[in-house]
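Thanks for coming. I have a few minutes on one structure, so please have the sequence and the model open while I talk.

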Amino acid sequence: IDWDGRQAHIEYMLDVTQAEREEEQSQVIREKLLNTFSSIPCGLCVYQYDGEKIRPVLHNPAFYEIMGYSGAHMRAVEQETNYLGVHPEDLMLLQQKVGETLRSNGVMQHIYRVWNDGKHEYRWIRLDGSVKAQEDGTQLLYGVYSDVSEQQRLERELTSANERMQAVIQAIPGGVAIYKVSDIFETLYCSDGVPELSGYSPEEYQAEAKRNAASLVYHEDTAMVISKVRRVVENHQDADFEFRKQHRDGHIVWIRAQIKWIGEEDGCPLLHCIFHNI
């Protein structure tokens with residue numbers, strides 16, 4: 001600077017010992033966390049939210065393996081959290097879930113799809129997260145990532161198999177039902193054909209049969225039906241017999257029943273029954 005016609009400079013000094021110590025301590029803690037996180041097989045991440053942006057603080061090695069990011073994408077993920085590779089159809093709901101969790105300082109679990117650069121396909125990822133408020137007003141979001149693609153595939157196959165089985169069952173003339181026998185006949189399952197035998201909709205039949213399915217048997221045949229059922233329960237032998245039902249419009253419907261003992265639930269016998277309108 002100009003000092004009354006002479007060139008001069010000003011020097012000043014600050015003691016940064018404490019700041020250096022805090023930085024060193026922070027680095028030690030970070031290294032310990034990295035060492036701990038590196039030994040855990042699932043993806044672990046820590047993010048910081050300042051009210052505007054979510055910034056990555058820490059990713060363990062398993063995170064990159066599970067997410068399947070390429071080298072370029074790994075560097076991008078380390079710099080900024082922008083939901084890289086999330087399937088476009090899943091992005092909005094994921095952002096909503098994360099936003100709700102941040103607002104409530106709560107926990108979340110959500111399954112969505114992420115593009116895996118190594119496998120060249122979308123993989124199903126489950127995120128378990130929790131948020132903790134910090135003294136400086138920021139929030140830390142802790143996330144655990146797991147690849148659940150195989151589980152999702154098995155669930156889809158099971159759902160498809162169940163749908164095919166239901167289609168077969170519904171195509172059976174008459175109806176199929178499973179009853180739990182105690183002091184009443186509790187309906188655990190019935191195809192749509194069972195309520196149709198007595199003129200009820202599936203919803204109406206469930207309401208009627210929930211109390212006791214035997215109440216839907218024509219009153220003159222109730223004792224005989226109960227006797228046949230008790231014999232199946234005691235001997236574990238199949239039964240084939242005919243009985244009557246009272247249709248809701250008043251006329252009598254003759255039914256042929258085939259009953260088989262299939263096990264127990266809560267100590268009560270389970271019976272598989274096939275009904276035909278004869």
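I will go through a sheet, the helices against it, and then the cavities.

Keep in mind that this is a predicted model.

Start with the sheet. It is open, has 5 strands in the order S4-S3-S7-S6-S5, and the pairing is antiparallel. At the edges sit strand S4, residues 54–59, and strand S5, residues 107–116, each of which pairs on one side only. From one strand to the next the twist averages 30 degrees.

Strand S3, residues 43–49, is joined to S4 by 5 bridges in the antiparallel sense. Within that pair, Tyr49 has Ile54 of S4 as its bridge partner.

Met108 is found opposite Gly129 of S6. The hairpin of S5 and S6 has 4 residues between the strands, and His120 there takes a positive phi near 55 degrees.

S6 also pairs with S7, again antiparallel, over 9 bridges. Here Lys132 stands opposite Leu140 of S7. These two strands form a hairpin as well, with 5 residues between them, and Gly137 in the turn has a positive phi of about 95 degrees.

Which strands does helix H4 touch? Helix H4, residues 88–104, packs on the sheet and touches S3, S4, S5, S6 (121–133) and S7 (139–147). The direction of H4 makes about 150 degrees with that of S5. Helix H5, residues 149–171, lies across S5, S6 and S7 and runs at about 115 degrees to S6.

On to the cavities. How many of 30 Å³ or more does the structure hold? There are 2.

S4, helix H2 (61–67), H4, S5 and S7 each supply at least two lining residues. By class, that lining has 16 nonpolar, 3 polar and 1 charged.

The second largest cavity holds about 180 Å³ of space. It is lined by 17 residues, with Tyr179, Phe185, Val217, Val225 and Phe275 nearest its centre. The elements giving two or more residues to this lining are helix H8 (222–235) and strands S10 (239–246), S11 (252–265) and S12 (268–277). Its lining has 16 nonpolar residues, no polar ones and 1 charged.

That is what I have for today.

Methods. Residues are numbered from 1 along each chain as its sequence is written. This is a predicted model: local features need pLDDT of at least 70, side-chain atom pairs count only at pLDDT 80 or more; totals for chains, interfaces and linings use all residues. Side-chain values use heavy atoms; hydrogens and water are left out. Two strands pair if DSSP finds at least two bridges between them. Axes are lines fitted to C-alpha atoms, for helices over the stretch in contact, and angles run from 0 to 180 degrees between N-to-C directions. Contact means heavy atoms within 4.5 Å. On a 1 Å grid over the protein atoms alone, a cavity is a set of points where a 1.4 Å probe fits but cannot get out, and a pocket is an open set with protein on both sides within 12 Å along at least five of seven lines; lining residues have an atom within 4 Å of a point. Grid points are joined across faces, edges and corners, and a volume is the space filled by probe spheres set on the points. Ala, Val, Leu, Ile, Met, Phe, Trp, Tyr, Cys and Pro count as nonpolar, Asp, Glu, Lys and Arg as charged, and the others, Gly among them, as polar.
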